[in-house]
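Please read this report beside the sequence and the coordinates.

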Amino acid sequence: MGRRVIWTVFRKEMLDLFRDRKALLGTFLVPLVIIPFVFFLLGMSYSNVEKEARAYIPIAVNGSSGLVASLQTIPGVSILQPSNQEQALQEGQLRAIITISPAFEERVKVGGTGEVVVAFDSTNQKSVYARTVIEKTVEAYSKEIVVQRLKQAGMSEQAIKPIASTYQNVATEERLSGGMLAGIIPLMLVVSLASGGIAAANDLVAGEKERGTLESLMTAPIAANHILTAKLMAVMVMSCMSALASLVSLSLVLRLGPLEMESGFSLSFFSPVTLLVLVLTILVLAATFAALELVLSTIAKSFKEGQTYMSGVIFLAMVPSYMMMPLNPVDIPGYYYVLPVFNGVALCKEVFYGRVEPLHALVGLGSSLVYVAIITVMSSRLFRKEGAVVKN
Amino acid sequence: MIEVKQVSKRFGTISAIEDVSFRVEAGEVYGLLGENGAGKTTTMRMMATILQPTEGDIEISGFSVQKEPVEVRRRIGILFGGDVGLYNRLSARENIAYFGSLYGLEQRRLQERIDSLSQMLEMESFIDRRVGAFSRGMKQKVAIARTLVHDPDVILLDEPTTGLDVTAANIFRRMVGKLQEEGKTILFSSHNMGEINKLCKRIALIHKGRLQFAGGLDTLRERFGISDLDDIFMAVVEGSEA
Ligand SMILES: Nc1ncnc2c1ncn2[C@@H]1O[C@H](COP(=O)(O)OP(=O)(O)O)[C@@H](O)[C@H]1O
Ligand SMILES: [Mg+2]
């Protein structure tokens, strides 16, 4: 009996939601609009700044030296002589001002130190890039001089380079791309899980209350808990659909997008175990948000009021995601795995780093289930409270 | 049969219903008359087990709303007045079928029921269209069909003609007549004495949550010594103001 009622209500809710343009928009807004848009902007500004910084490097040079010739060989470098160099640098028309001391060449010739001052603007990404280019050129030029001096003294280059060191990165390519994704994906995933069910949850209780349908529904000989269970399932489905669409959208955007990550991006860091943990994490997070959203929808006296409360859920989803964005999973504090939502975000990160700690998974998923149970009981109490379904 | 036994209902400090008793016999069309805010909806909500009486009890076909709410729900159909609650994105048929299956009707019986209701209420032309674009009268028909889909013995109609035009109100009254012929027990609430007079022989008159009178309309006339029912209603309302 109970199962039949739940199924009947669930089927009706899904039919109703799929015919509701507003609910569908809410479910697919993050995955289909926000994610591509954010990545597009990110990619645009990133690649533009990078490209422009490389393509054209206007600098001013005061004084003369063989160094200037070296600088001129760098692609993109163009030496300008504006009337007010300082101002031009401040305003971005110049990326750097190089001042070579008057006695530079003579000092170098006699084995002394020539002085070069490079002025740049650390607040300007392009100027910082110019500084790096100049630094490398200066170093290369300096090295040439050293080699010459050593030769004159009858020594080889090795004399001043007793150690040859190479640094090897142990992170595999998969984990590297995982690392990058582990920053952004949990944020997008959790936000879409939270936002995906909002329109549905608000419609299914606050909306039904406002339209008076809930009151009629509650006069049928069925248990309030069965109605609530069906509604919870419907909201969870919307929430999971949004998360799934986000994952698809993210992988498409990362593959096609202007971030040029084709080489780095791959889903091969998924193993059956991490995939299972990801699916379970998505499910418990969806249940947490769905139950919470139904609580708020039941408390709300109107659809409008419900919408206001729901923005709090998005906030709740974003805080842990932002807090953990820069963290490597090994740096995540242990107690995060028992905090609601934090635990889900932390597990997502582990999945995308390709290394899931079994204990973390157990504690994170277990504590999530406890939270889901608590919120569900709460929402059931509220829902069955006298007059909760009646508009007044 | 509906028996209201010394029922009071308080919302916090607000007393919405105070010691109200009346009895509706099986097969009777009974009127519940009162101004806006008199407590009609609250009384019906208690009968439908959505609200609990603070004191007293109500029996529907012998079942207590407090002790056997599910048995009560099986036997009643309630129609809330004003903006009838329907799912706008579902068709008329889907709306009715949804409630039918919640009452446990199996598919074949449900479709039969929908067909016969749709015929009786003359809604065949729009039964498969979505409710959202319906007129007030069309929506009312769908809501009535939903109320009756499980063939309840006791029918509660809370201000069902509010907002209906004259034609729709007439169709509605004819339907009440038909239901009475089928032997249904009907409680009909209104703030309009004239309308009650057209349908009912016996009424309960409540004002500000208190029962002013319960019984036959003839007894009511005798009691007040006034023949015009509207004047009696006015006298009750003004009498309590004074
Ligand atoms: N849920 C509620 N909470 C507080 N007061 C209520 C509630 N429901 C009804 N009331 C009050 O009870 C009184 C009767 O209301 P109601 O039964 O809706 O009257 P009617 O249906 O006759 O117009 C009104 O004063 C109303 O404000
Ligand atoms: Mg009312």
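The structure holds two cavities of 30 Å³ or more, where a cavity is a set of points, on a 1 Å grid over the protein atoms alone, at which a 1.4 Å probe fits but cannot get out, and where lining residues have an atom within 4 Å of a point. This is a predicted model, in which local features need pLDDT of at least 70 and side-chain atom pairs count only at pLDDT 80 or more, whereas totals for chains, interfaces and linings use all residues. Residues are numbered from 1 along each chain as its sequence is written, chains are lettered from A and ligands numbered from 1 in the order in which they are written, and side-chain values use heavy atoms, with hydrogens and water left out.

**Cavities and pockets**

The largest cavity is lined by residues of both chain A and chain B, including A:Ser216, A:Thr219, B:Phe99, B:Tyr103 and B:His150. Two or more of its lining residues come from each of β6 (76-79) and α5 (136-148) of chain B; helices (H or I, at least four residues) and strands (E, at least two) are DSSP runs, numbered from the N terminus. The second largest cavity is lined by A:Leu285, A:Thr288, A:Pro340, A:Val341, A:Asn343, A:Ser368 and A:Tyr371, and both α11 and α14 (358-384) of chain A supply at least two residues of that lining.

A pocket, by contrast, is an open set of points with protein on both sides within 12 Å along at least five of seven lines. Among the 26 residues that line the largest pocket, A:Lys391, A:Asn392, B:Thr41, B:Arg45 and B:Asp158 lie nearest its centre, and α1(B) gives the largest share of the lining, four residues. The second largest pocket has 17 lining residues, of which A:Lys209, A:Lys301, A:Gly387, A:Ala388 and A:Val390 lie nearest its centre.

The table gives volumes, each being the space filled by probe spheres set on grid points joined across faces, edges and corners.

| Space | Volume |
|---|---|
| Largest pocket | about 580 Å³ |
| Second largest pocket | about 470 Å³ |
| Largest cavity | about 70 Å³ |
| Second largest cavity | about 30 Å³ |

**Helix α6 of chain A**

Helix α6 (residues 125-152) of chain A has 28 residues and should span 40 Å at 1.5 Å a residue, which agrees with the 41 Å between its end C-alpha atoms; the expected span is 1.5 Å times one less than the number of residues. At the start of α6(A), a side-chain oxygen of A:Asn124 comes within 2.9 Å of the backbone nitrogen of A:Lys126. Residues of α6(A) that are buried include A:Ala130, A:Val133, A:Ile134, A:Thr137 and A:Tyr141, buried meaning under 20% relative accessible area with a 1.4 Å probe and protein chains only. An α-helix has 3.6 residues a turn, so residues three or four places apart point the same way. A:Gly154, which follows α6(A), has a positive phi, near 75 degrees.

A:Ser192 belongs to helix α7 (residues 173-196) of chain A and is buried, with a relative accessible area of 0%. Beyond its neighbours within four places in sequence, A:Ser192 is in contact (heavy atoms within 4.5 Å) with A:Val30, A:Pro31, A:Ser239, A:Ser242, A:Ala243 and A:Ser246.

B:Ser8 lies in strand β1 (residues 2-11) of chain B and is buried, with a relative accessible area of 1%. A polar atom of the B:Ser8 side chain lies 2.9 Å from the backbone nitrogen of B:Asp19.

Notes:
Buried < 20%, exposed > 50% of the residue type's maximum accessible area, 1.4 Å probe, protein only. Polar contact = N/O pair within 3.5 Å; in protein donor to acceptor, adjacent residues only side chain to side chain.
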